[in-house]
Structures are given as C-alpha cells and as structure tokens.
Amino acid sequence: DASEIQACALFAEFVAKEAGEMIRRAIVAEKVFDLKSSVVDLVTETDKAVETFIIDSLKSRYPDHRFIGEESVAGGIKHDLTDAPTWIIDPIDGTTNFVHTFPCVAVSIGFSVEKQLVAGIIFHVMAEEMYTAVKGHGAFCNGLPIKVSQARTLSGALVITEVGSARDPLRMDAFYKNFKAVLATDAHGIRAMGSAAINMCMVARGAGDICYEYGIHCWDIAAGAVIITEAGGYICDPTGAELDQMSRRFVGGATKEICTQLCGILTHLTLERD
Ligand code: IPD
C-alpha cells in the first residue's frame with residue numbers, strides 16, 4: 001500500500017545518499033574504465049562497487065524484492081520486469097561525466113510494483129540535490145516541492161537531449177535529423193547534462209521544458225519518469241503512445257501539448273528492448 005511504498009522510498013533515499021558519498025570520494029581519484037557496448041559506453045570499478053552496495057542494502061531490508069541493475073545486467077544477470085516489487089538501479093548515471101570529473105553524476109533508483117513505476121529517487125551527487133517522488137504524493141528536491149514549467153510549445157522552450165552511448169550510422173542519422181527538427185521550431189536551445197536522470201530532474205524542477213532520448217535503458221529513466229509525472233509533467237513514448245519502460249526511448253516534458261508537438265517531429269528509432 002501507499003505507506004509501505006513511502007517507507008521503501010525513504011529507505012532508498014538513505015541508500016542513495018550513502019552511495020553518493022562513495023561516488024563523491026571516487027570522482028576525485030584516478031579513474032580506470034572499461035568499455036561495454038561501444039567505445040563510448042564506459043564502466044568503472046566504482047559503478048560496480050556502488051551497484052553492489054545499493055543492491056545489498058536494499059536486499060537486506062527487502063529480501064523478497066527483485067532487482068534490475070545496470071552493471072548486473074552488463075555482467076550477464078538479466079531480469080525481466082515482472083509484477084513483483086522491483087528496484088531498477090543505475091549506480092552512476094553519467095559514467096562518462098564521472099570518468100572526466102564533470103560534476104553531473106547521479107544515483108538513480110526507481111521502484112516498480114505490478115510493472116507500474118511507483119517511486120523514484122535521484123541523487124545529483126555533486127550538487128547535493130536529492131530528488132524524490134512517490135506516485136500520488138508529489139515530487140521534491142531536498143524536501144521542497146518541485147513543479148514543471150508551463151511550456152506548451154517548442155518555440156521558446158529549453159530542450160534537453162543526449163547523443164547517447166552508441167555511434168552507429170542509423171542512430172547518428174536519426175540524432176542529427178532530430179536535432180535539426182528541434183532547432184527549426186525556434187526552441188531557445190538544446191542542452192545535454194550527460195545524465196538522463198539529471199536531465200529529467202531539470203525538467204521536473206522547471207529548469208528545462210522537455211527532454212527526450214533514444215538508446216537509454218530502463219535504469220536511466222525509471223526514477224525520473226516518476227519524478228517528472230509527480231512534478232506535474234507528462235511522460236510518453238516518442239510516438240506519443242504510453243511510455244514503455246523497456247523500449248529504450250522516451251519523451252518527458254512539462255505538458256502533454258509540448259510532448260505531442262515533439263513526438264510529431266521526431267524520426268523514430270526502434271531499438272533492441274531491455
Ligand atoms: C548514460 C547517461 C547518458 C545517456 C546514455 C546513458 P550511464 O547512462 O544517462 O546521459 O545519454 O544513454 O546510457 O551509462 O552513465 O549510466
């Protein structure tokens with residue numbers, strides 16, 4: 001029930017804070033990275049250590065829950081999303097930033113019950129901003145309520161997107177087309193924080209009007225989807241259909257209107273599902 005979910009979210013917030021401290025200590029040290037799906041898809045020992053810490057901590061409190069973690073999946077442990085209470089974890093969202101000491105790195109923890117996202121926790125580590133949301137209870141940054149902007153059109157909007165962690169011709173072609181299409185709307189600008197989770201927090205707090213990306217994974221957007229929705233915003237698939245958490249693409253914006261406009265101008269990509 002609702003109070004149980006709130007208790008889960010509160011515990012996850014505590015775990016995210018501790019995980020953030022691990023990242024804060026490691027970001028100033030020397031970083032060694034390995035490659036995952038491409039030469040621009042990076043992973044470090046810190047990603048793995050932080051994920052282990054988060055999963056172990058949540059498991060000790062909730063032994064019956066399931067877990068989908070970015071690095072566990074990369075290590076070969078694939079869990080389908082089921083109806084069971086499931087934590088969807090990105091230990092460091094913004095690993096490339098982490099490797100380059102660019103201070104936009106986040107711990108992202110989403111919580112799903114019966115395949116519905118019901119809570120999201122994102123700790124923007126270097127800014128010390130804890131974004132939290134529980135379905136039906138609003139969105140907060142460091143305990144204060146946050147709200148999306150009122151933007152209804154791309155004209156005049158601040159749009160956030162990412163190149164992502166692949167450079168294959170199909171993906172790049174769609175990226176350039178979409179970049180051009182967005183600029184042609186007289187949007188005020190395009191930003192990329194290097195962390196899908198932080199991008200979504202920016203939209204949730206009204207600091208950006210809309211964000212979208214093809215190629216993300218469920219752990220990049222699970223928490224952010226709840227935070228944007230609870231901040232009064234709108235989340236959908238880039239086709240305008242309902243968000244499919246495992247489809248590797250999303251649009252999240254201040255209003256349904258601005259999302260519908262963006263969906264209408266995007267060139268869509270269908271990617272291998274999570
Ligand atoms: C990445 C970041 C990045 C986005 C990539 C993600 P990671 O997550 O969110 O902003 O463009 O698509 O994979 O690998 O740093 O956890």
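The shell around the ligand draws at least three residues from each of domain 1 (2–145) and domain 2 (158–265), the bounds coming from an automatic or database domain assignment. The model is a predicted one, in which local features need pLDDT of at least 70 and side-chain atom pairs count only at pLDDT 80 or more, while totals for chains, interfaces and linings use all residues. Residues are numbered from 1 along each chain as its sequence is written.

Of the 16 residues around the ligand, those that come nearest are Asp93, Thr95, Glu162, Gly164 and Ala196; a residue is near a molecule or strand if its C-beta atom, placed from the backbone, lies within 6 Å of it. Strand S4 (residues 86–93) contributes the most to this shell, namely three residues, where strands are DSSP runs of E with at least two residues, numbered from the N terminus. By class, the shell holds three nonpolar, seven polar and six charged residues; Ala, Val, Leu, Ile, Met, Phe, Trp, Tyr, Cys and Pro count as nonpolar, Asp, Glu, Lys and Arg as charged, and the others, Gly among them, as polar.

Two antiparallel pairings involve S7, and strands pair if DSSP finds at least two bridges between them.

| Strands | Bridges | Residues between the strands | Positive phi |
|---|---|---|---|
| S6 (residues 116–124) and S7 (residues 129–134) | six | four residues | Glu128, near 55° |
| S7 and S8 (residues 139–141) | three | four residues | Gly136, about 85° |
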